[in-house]
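The following note sets out points for a colleague who is reading the model alongside the sequence.

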Amino acid sequence: MPACPSGRTPAGAQARTSRQKAARGRRGSQTASYYSETGKPFTRGRERQGCAARKGNMTRTRKTVNTMQTSLRGIADRARRDKTARFGNLYALLNEANLRECFQHLRKDAAPGVDKVTYEQYEANLSANLADLVERLKKKTYRAKLVRRKYIPKANGKLRPLGIPALEDKLLQLAVARILEAIYEPRFLECSWGYRPNRGAREASRVLANQLYRGRFGHVVEADIKGFFDNISHAWMLRMLEERINDAALARLIAKWLKAGIMEETGEVKHPVTGTPQGGIVSPVLANIYLHYVLDLWFEHVVRKQSQGEVHMMRYADDFVCAFRYKADAQRFERQLPQRLGKFGLEVAPEKTRTLQFSRYVPEPNEAFEFLGFEFRWVKRLTGKMGVRRRTAPKKLQASVKAFSEWIRKNRHKRTKDLMKTLAAKLRGYWNYYGVRGNMESLKRFYDRSRRLLYKWMNRRSQRRSYSWERFLEMLGRHAIPEPSIKEEVYQRGLYDVA
């Protein structure tokens, strides 16, 4: 439109401009309302600009403006930059599109919860089920179902209680766990290893052995927390979450899982006042958050400053070891630890907590400790120098042999082909974990015992003897049963280098 000679816009043009601005404002408010109602995170200025600039791509923009993955990346970047940042509007990430994505990551063969709904049954009507779940989340009418209790035997003869949530609860817990990981992963300390991305137990054992070799340590405190998952304080847990989360709706959702009733195998229902079910998808990240404040930060900012010499801690879930240069520092830590844990409703397991001498300067035999299924000990290497050796902990080796004996006794009736396929998978898993440098002797011991047990039970499948020892070995070779091998490829100076 040509400009008016006076430089002013004509009255008619001014009216049209006002109507256009008003229309754009109405379109912007409708867009904001739409995104709010569907529960999608929405940045008002950025979205309005996108609508005005790309009207033809409105549908595509709404679908791609914010996937869960990009949202989590943004959250993690901000958490990394600002250690005091608090995050809001997280509950809105629990929308249908993001839950559908999380559903694809659930285990299809996982045991069902109290409602007995399996992955296939829920998937058969997935869209309707997700729409109903999101609607209940919006209306705040979602209720956590009872957690089914299952007991599995431990190596020491005791039973470990596991909690099996219903599938819908698992789905929501996975979505919330991913949000919490994005917030807290950048802030977790290096000493924390359990239940974290790209941090396995075998790698943790290697790093610990290397730290013990390179550091100037003389004493180790190995410790365990008694019934950790059953004694987490709900009040402290929620208070810790408030440090980084400014979303009351998400906090209430987590509180529902913490307070969900537990159905025992007998049918009895218990309503716990503390703890989080060991087996829930969200439980590992909640456990790491709890011990991040209870133990990790305390060790870093209090214990380290109190100590006169070098210190180091490694924690894997509720199991941890601490190395000290001086005995006085180790003893002070062991005295203070029960007081620190007691403040947060936790207790040290006395039978698994002790201070021992662990030094290269002490002549053999040196004291040893067990961690993550390995025994750590100072030994003299082939070069004549001292090194830290990892080998399969004797109790773990004995428990593995016992478990193998029980497995082959119950499955010896199966077809040889199927039996050998499962056996190969079991042995590969064992070599992959325990196949570390310096542990070949233990691997061979387990392999020898397992072969003899297999030979014994394979010859008891009928009244007549099925195999001689030579034919048995030929059969193992024919089915490509893997032999002991070292899987740890990266050589670390100072680790025991005889494999």
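This is a predicted model: local features need pLDDT of at least 70, side-chain atom pairs count only at pLDDT 80 or more; totals for chains, interfaces and linings use all residues.

1. An open sheet is built from four strands in the order β6-β7-β3-β8, with antiparallel pairing. Its edges are taken by β6 (311–316) and β8 (354–357); each has a single partner strand, so one side of each is left without a neighbour in the sheet. From one strand to the next, the twist averages 15°. Two strands are said to pair if DSSP finds at least two bridges between them. Helices (H or I, at least four residues) and strands (E, at least two) are DSSP runs, numbered from the N terminus.

2. Residues are numbered from 1 along each chain as its sequence is written, and side-chain values use heavy atoms, with hydrogens and water left out.

3. Within the sheet described above, strand β3 (residues 219–224) and strand β7 (residues 319–324) are joined by six bridges in the antiparallel sense. Val-221 has Cys-322 in β7 as its bridge partner. Helix α13 (residues 327–342) packs on the sheet, where it touches β3, β7 and β8, and its direction makes about 150° with that of β7. Helix α12 (residues 283–306) lies across β6 and β7 and runs at about 175° to β6. Axes here are lines fitted to C-alpha atoms, for helices over the stretch in contact, and angles run from 0 to 180 degrees between N-to-C directions.

4. How do α12 and α13 cross? Their axes come within 12 Å and cross at roughly 145°. The crossing of α12 past α13 is right-handed, a term used if the near helix is turned clockwise from the far one by less than a right angle. On the α12 side the contact (heavy atoms within 4.5 Å) is made by residues including Tyr-293, Trp-298 and Phe-299, and on the α13 side by residues including Asp-329, Phe-333 and Leu-337. The residues of this contact of α12 with α13 comprise nine nonpolar, two polar and three charged. For this count, Ala, Val, Leu, Ile, Met, Phe, Trp, Tyr, Cys and Pro are nonpolar, Asp, Glu, Lys and Arg are charged, and the others, Gly among them, are polar.

5. A further helix pair is α5 (residues 96–103) and α7 (residues 126–139), which pack at an angle of about 125° with their axes 10 Å apart. The two are therefore oblique to each other; angles under 35 degrees count as roughly parallel, over 145 as roughly antiparallel, 65 to 115 as roughly perpendicular and the rest as oblique. α5 passes α7 in a right-handed crossing. Glu-96, Leu-99, Arg-100 and Phe-103 form the α5 side of the contact, and the α7 side includes Leu-126, Leu-130 and Val-134. Eight nonpolar, one polar and two charged residues make up the contact of α5 with α7.

6. Another open sheet has four strands in the order β2-β1-β4-β5, and its pairing is mixed. β2 (159–164) and β5 (269–270) are at the edges, each with a single partner strand, so one side of each has no neighbour in the sheet. Six bridges pair β1 with β2 in the antiparallel sense, and Arg-148 has Ile-164 in β2 as its bridge partner. Strand β1 (residues 147–153) pairs with β4 in the parallel sense over two bridges, with Val-147 partnered by Ile-262 in β4. Strand β4 (residues 262–263) runs antiparallel to β5, and two bridges join them; Met-263 stands opposite Val-269 in β5.

7. Beyond its neighbours within four places in sequence, Leu-159 is in contact with Tyr-151, Ile-152, Pro-153 and Lys-154.

8. Ser-205 belongs to helix α9 (residues 201–214) and is buried, with a relative accessible area of 0%. Apart from neighbours within four places in sequence, Ser-205 is in contact with Leu-372, Phe-374, Phe-376 and Arg-390.

9. For the chain overall, there are 17 helices and eleven strands. Of its 499 residues, 45% count as buried.

Notes:
Buried means under 20% relative accessible area, exposed over 50%, partly exposed in between (1.4 Å probe, protein chains only).
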